[in-house]
Structure formats: structure tokens, C-alpha cells
Amino acid sequence: MRRTADAVVIGGGVIGAAIAYNLLKLGMKDVVLCEKATFCSGSTGRCGAGVREQWGSKGNCLLAKASIDMFERLADELDYPHDLEFKQKGYLILAHTEKEWTQFQKNVALQNSLGIRSRLCTPEEAREIVPALNTEGMLGATYNARDGHANPFHVTRAYLTAAERMGADINYFTEVTAIQVSGGKVKAAVTNKGTIEAPIVINAAGPWAKPVAEMVGVDLPLFTQRHQILVTEPVGWILDPMVMSFSIGIYCQQTPHGSLIMGIGDPHEPKGYDIGHSWQFLRDMSRIITRLLPVLKDVRVVRQWSGLYTVTPDAHPILGGVPGLDGYLQAVGFSGHGFMLAPAVGRIIAEMALGMEPFLDVSNLDAGRFERGEYNVEPSVV
Amino acid sequence: METKLSDNTRIEDHPILDFPARRVVTFTWEGQELRGYEGEPIAAALHAAGIKVLHTSHKSNRPRGFFCAIGNCSSCLVVVDGVPNVRACTEKLREGMRVERQVGTGPAPRARE
């Protein structure tokens, strides 16, 4: 491991990988990435793998749209020899309550104004998109054909190998234990394998972002929470888009491989670092998904697991620096949708680190917005 | 009731296990009519008929057959009466079953009432 660097990136998930790649692409020479376990071992490798533009806030819409633009050419850009399993077969988001339906009309108007071509569907139109769907009790849905799926492991690996080709020093089982600051400037990252002197340290530590921020005295309004998920055996084609409902708190998508990935939020889930899994989840998930997609009654579950959401008070990420602390940047608190925002965030954070103007203005996603009271909660989350 | 098949691939005398007489049933494999014992694993009846390739792999379409024999490995998946992903090693043979070699993921499951 190198002892000096232009920047140290903390975290070997998709966010850290995308930042490291973009730093090198934009001209930084000496980038060191420290991951305390292996790549994708935190939230990235446990996520639902969906990518969508259909958000309820301008900030999330723009980040997601820019990211999908990048996902479309990512395999070429990163010169990755394997399939990223990127598919654009849409997201179909179901409305079962009046409140949801009203919100969706606002969401689609906002999305359309930002160039996202989502549309409202009647239950009949939803069934044309997903013939297996039970539309009983459904008021309507929104659909956007550009949304879809990508493989989080391949995407992260693609960023890391591209970064390595350009000279990144990527270190696994290397845990940052302290960040040295002097005179309001970042000086070094201290790890269990030695100290790396660097003027820039970037916190992309996912669920561990809060303890990492504490190393520089920054108190982030984050909490972590378990979200459970399962995968079925691979089967023949059942559905194209991700089927999602916010009021039921559920999502389900068939991957290009044929298996179905699905999850359901639990409003009673305590905060913390538990990543065990429960029988209750299997039971609730099976009951609810077989009501929406009855054909899944005969599809077997092969595995269940869980991962952590790192949640902010407004379900938007916290991006950028901290006043009075030169050289510290963070890309944290993605609230369950970091994977799909990674391409745009990787570039934005790299641009900030190099003193450039970010290609998207994310100044309203700084850490200070909560104290200033300048934030609006994203309504469209599971 | 016919209880004896002339194939010679089955163990009939075993120091511990008994193999009581069982009814002979007719089923089809890829449309071809075959016979086996009622209640034996589908894989046993197919093996007795000399059929070794039960499934082909997802990506490269390579042959897959009888392997773990206890329903764990997904090597012997077949399509039974249109239902994919049936484990031939643990599913019991019934009269009139329509059994087919599964190619990759097989056909999509159909909605059932």
C-alpha cells in the first residue's frame, strides 16, 4: 500500500469505486482506495439491483437520470469484458391508495418537466405491460421504460478494474481507523496497515459513514436499518419491469438470469447494524407477492439475506464537503438507492475533489441543509 | 396388476432394504412412452431406461444429469406436465406423467388457481 496519495477513498462499494475511477479519469494521478473487507461487502452487494428515474424530488430525478445516461454506455466506457446485466425494461410503480395516486400525478408531472418520459397507466395498461399482474384494488400505475436493472457486483468490479488500469491502489481488508486533520486541513488517513498522507479523504463508507465522519468531528444525521430481500430459482420469462409499490412497501424484478429478486420494507424494523434474516420476512413477502403476481406461487425461493439502508432525514444523499474542513468530502446516506445514483455521484464528487464545477448542481444536498431546515422528504421510497 | 419390469438396472436384493412389489405405470419422456414403478423417483425410472441427460445448463447448454440424488443440486431438473424445475431425483413417478428434458430455465411457470 502506498504511503502518500492525492486522495484516499474510504469504501469499496459502488460509490467508492465510481469516485476512484472518476478521480483518475479527470486527471488525478495517485488515488488510494481503502475497503475494510472486500468489494461490495457492505450495502452494494446486498442491494435490489434496480435503477430508476422515477423519483418524487428534482434532486433524485436529476441524479438518477444522469446515472442512467451513464449506465447506458458504462460497459464501453470502462472497457469491461463481462456483461453488466444492464437491462432497461422499465419500472411499473403501482398505486393502491388515493394518496399515492395523487402523489404519482405530481411525480410524473415533475419527471416529465425534467425530461424523464414516465407516464400514468390505467390498471388495464399496467396489465398490458405485466400480464401476470393482479390489478385488483389498483387505481393505476406509473411506468418509465428507461428504468431497469444492473448487476451491482459487475458494475463495481468494472469501475475498480478501470481505476486499477489507470493506476489506482486498491486495498481490501484495510480499515481506516482515524483521519488526521491539522489547521482545518485533512493531512492523512490512518489505517490498520499504516498511514497514508493525503490532502483529500473521501467518505464513501456506506453504513459506516457516520463513524467515519466522526473521525473528523462531523456529526451526520444518519441511521442504519436492515432491509430484507430474497431471490428465487431462475425461471422462464414472467415479467419485464420492476414491479413496485410504496404503500405496500414492496419491489420485485426478474433479473436477466431468470431469477426474481424481491424485498419488502418493515416499518417496525429497529435501527442498527443487524443483518440477520427472519422467517417473518419470508412469510410476509410470499403472501404479498403471490397476491400481486399469483404466478409466483410455484416458484421456489433459493436464498434470503439482508443489507443496510443508511438513511437521512429526507431520503436524499449527503454530498460534498463540510465548511471549515479542507479536503474532506462525503457521499453518504443514500437511503436505499445508492447503487442507481453511483455513476453521477462518482463524477460529481471527483469534480469537487479536483476543484471543478460539478456537472450537476448538488449544493442543496450538502450536510448543512438539515440545520438550515432546507430539505424536503423524498416520498417515493421502499 | 403388473409388478415386474424386465430391465436389469435396479437392485432387487439388498442386505438391509426391502423392495416390495409395486405397480408398473406408464409415463412419457420427450413424448416417448416408458414404464416404471409407481412411487419411485422419476430419475430412477429414467435411469433404468438408459436416459442420462435430464437437463441442459443455462448459459452453455451443457448436459446435466442425475447427481446429488437428494434434491439439493438442481442438476436433474425436468419439466413435468408443463411445470419447470421439478427435481427428478425426489419427485415420485405417477401414472401418465408427461416428463420432458428441461432446457436452461425451462418454460415460465403458469398461474394456478
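Let's start with helix α8 of chain A. α8(A) has 14 residues and reaches 20 Å from its first C-alpha to its last, close to the 20 Å expected at 1.5 Å a residue. Expected span here is 1.5 Å times one less than the number of residues. Helices are DSSP runs of H or I with at least four residues, strands are runs of E with at least two, and both are numbered from the N terminus.

This is a predicted model: local features need pLDDT of at least 70, side-chain atom pairs count only at pLDDT 80 or more, and totals for chains, interfaces and linings use all residues. Residues are numbered from 1 along each chain as its sequence is written, while chains are lettered from A and ligands numbered from 1 in the order in which they are written.

Back to α8(A). Which residues are buried? Phe281(A), Met285(A), Ile289(A) and Leu292(A). Buried means 20 or more other C-beta atoms within 10 Å of a residue's own, exposed means 12 or fewer, partly exposed lies in between, and C-beta atoms are placed from the backbone. Down the axis of α8(A), the buried residues fall within an arc of 50°, so they line one face of the helix. That arc is taken over the directions from the helix axis to the C-beta atoms. Trp279(A), Gln280(A), Arg283(A) and Arg287(A), on the other side, are exposed.

What covers the buried face? The cover includes β13, β14, β15, β16 and β17 of chain A. Contact means C-beta atoms, placed from the backbone, within 7 Å. α8(A) lies across these strands, at about 110° to β16(A). Axes are lines fitted to C-alpha atoms, for helices over the stretch in contact, and angles run from 0 to 180 degrees between N-to-C directions.

Now the sheet. It is open, with eight strands in the order β5-β6-β4-β14-β15-β16-β13-β17 (chain A) and mixed pairing. Pairing takes at least two DSSP bridges. β5(A) and β17(A) stand at the edges, each with a single partner strand, so one side of each has no neighbour in the sheet. β5(A) pairs with β6(A) in the antiparallel sense, over three bridges. There, Cys121(A) stands opposite Ala141(A).

Next, helix α6 of chain A, residues 152-165. Its buried residues include Pro152(A), Val155(A) and Tyr159(A). Just after α6(A), Gly167(A) takes a positive phi of about 110°.

Last, the chain contact. It takes 14 residues from chain A and twelve residues from chain B.

Key. Two residues are in contact if their C-beta atoms, placed from the backbone, lie within 7 Å.
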